[in-house]
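Here is a friendly briefing to read alongside the model. Take a look at the sequence and the fold, then work through the topics below.

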Amino acid sequence: MDTMTLRDEIDALSQEIEAADLPSADEIEAFRIRTLGRKSGAITALFGRITEVEPSERGKTGQALNALKQQAEARIELAQAALTSSDGAERTDLDLTLPGRVPAPVEPGSLHPLTQTLEEIKGIFRHFGFDVAEGPEIEDDWHNFTALNFPPEHPARDMQDTLFVEPPPPDGRGIVMRTHTSPAQIRIMEQQAPPIRVIVPGRVYRNEAISYKSYCLFHQIEGLVVDEHATFADLKEMLHVFAQALFGDDVKMRFRPSFFPFTEPSAEVDIWWADETIEGGGRWMEILGCGMVDPNVLEAVDIDPERYTGYAWGMGVERMAMLKYGVDDIRLFYENDTRFLKQF
Ligand code: DAH
């Protein structure tokens, strides 16, 4: 019978593991098979001999064997780590421009569908010779409402719609998150004399119930032209050419009489959305509001309404993107779900 006890063998193997020299992948693999291999590994064999030990000693011996197994595993890990870290330093054929390895492929990002839509619309108007301007998202009552000819008791000023940064004092006016991009019209006309041809993209905020069709935050693009002979016919023509550029040459559009405090006359514009699955083969979808700048608005910014006329419009970017890409829930644009975003 072997003179060494199982405990002695465990100790001897432990020292051997500690001293093992493992400079290459082949040697690491041979070491793994020699110690931990299922069939002939030394540690595996020692586990099989646990019955040689007094039953009262088996618990302790089992623990010692487990420790030995962990020691061997740690030794392998260390040797592997040493191998990979020395790898890069010694190799001269390292190509740092190679793409990463599967299973961790590099996923390229993409522009958000709203950004894409915004850029496309901006591109169309730049092509028509428009400037692109911006305005603040926090506005005072004057720019957001008063100068735009909103009467003092107009419902749009109401707490229901407007998000207030500073609520209005009993006898005064508040500071608001702009409810539309139209206040930028006022800021531009305050600073610049006609002729004016400008679009203003940006975020707007409304305290609305969130649903598939409305969100507390969305984007608009405001358009403004002020000149000596700007007419409603010019407005119609320009918006028609715009719709053709965005939706295709055979786009069908219609102007419906409407009302906005800051334009007179005012209209809403619909485009025909063909859809064979619904009765009538499609339906009219509203894309923007527009009109001739109300003389009161020109007077509020010291532009002579006897000499100048203007037209303006405001369109919803989400609405355009939903039509263009067939998205049926506005909230998808704000959830940052990559399964949605990846499709654009
Ligand atoms: N500001 C309007 C809104 O948010 C949209 C709008 C309508 C803008 C007509 C305009 C316009 O410039 O002429 O609903």
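The protein chain of this predicted model falls into domain 1 (3–91) and domain 2 (113–341), with bounds that come from an automatic or database domain assignment. The C-alpha centres of domain 1 and domain 2 are 73 Å apart. Residues are numbered from 1 along each chain as its sequence is written, and side-chain values use heavy atoms, leaving out hydrogens and water. In this predicted model, local features need pLDDT of at least 70 and side-chain atom pairs count only at pLDDT 80 or more, while totals for chains, interfaces and linings use all residues.

**The sheet of 7 strands**

- An open sheet with mixed pairing has its 7 strands in the order S1-S5-S6-S10-S9-S8-S7; strands (E, at least two residues) and helices (H or I, at least four) are DSSP runs numbered from the N terminus, and two strands pair if DSSP finds at least two bridges between them.
- Strand S1 (131–132) and S7 are at the edges with a single partner strand each, so one side of each has no neighbour in the sheet.
- S7 and S8 are antiparallel, with 7 bridges, and a hairpin of 2 residues links them.
- Within S8, Glu268 is the residue opposite Arg256.
- S6 and S10 also run antiparallel, joined by 8 bridges, and Leu224 faces Ala312 of S10 across the pairing.

**Helices across that sheet**

- Helix H8 (residues 232–247) lies across S7, S8, S9 and S10, at about 30 degrees to S10; contact here means heavy atoms within 4.5 Å.
- H10 lies across S6, S8, S9 and S10 and runs at about 55 degrees to S10; axes are lines fitted to C-alpha atoms, for helices over the stretch in contact, and angles run from 0 to 180 degrees between N-to-C directions.

**The largest pocket**

- The largest pocket holds about 1300 Å³ of space, where a volume is the space filled by probe spheres set on grid points joined across faces, edges and corners.
- Of its 48 lining residues, Arg206, Phe218, Glu286, Gly316 and Arg319 are the closest to the centre.
- A pocket is an open set of points on a 1 Å grid over the protein atoms alone, where a 1.4 Å probe fits, with protein on both sides within 12 Å along at least five of seven lines; lining residues have an atom within 4 Å of a point.
- Strands S6 (217–227), S7 (253–260), S8 (263–274), S9 (282–293) and S10 (309–316) and helix H10 (317–325) each give the lining at least two residues.
- S9 provides the largest share of the lining, 8 residues.
- The lining of the largest pocket has 23 nonpolar, 13 polar and 12 charged residues; Ala, Val, Leu, Ile, Met, Phe, Trp, Tyr, Cys and Pro count as nonpolar, Asp, Glu, Lys and Arg as charged, and the others, Gly among them, as polar.

**The sheet of 3 strands**

- Another open sheet has 3 strands in the order S2-S4-S3, with antiparallel pairing.
- Its edge strands, S2 (138–140) and S3 (164–166), each pair on one side only.
- S2 and strand S4 (residues 175–177) share 3 bridges, with Met177 in S4 as the bridge partner of Ile138.

**Backbone details**

- Most residues other than glycine have a negative phi, and most peptide bonds are trans.
- The Pro194 to Pro195 peptide bond is cis, with omega near 5 degrees, and Pro195 sits in the loop between helix H7 (183–191) and strand S5 (196–205).
- Glu264 and Pro265 are also joined by a cis peptide bond, with omega about -5 degrees; Pro265 belongs to strand S8.
- Asn149 is not a glycine, yet has a positive phi of about 75 degrees; Asn149 lies in the loop between helix H6 (141–144) and S3.
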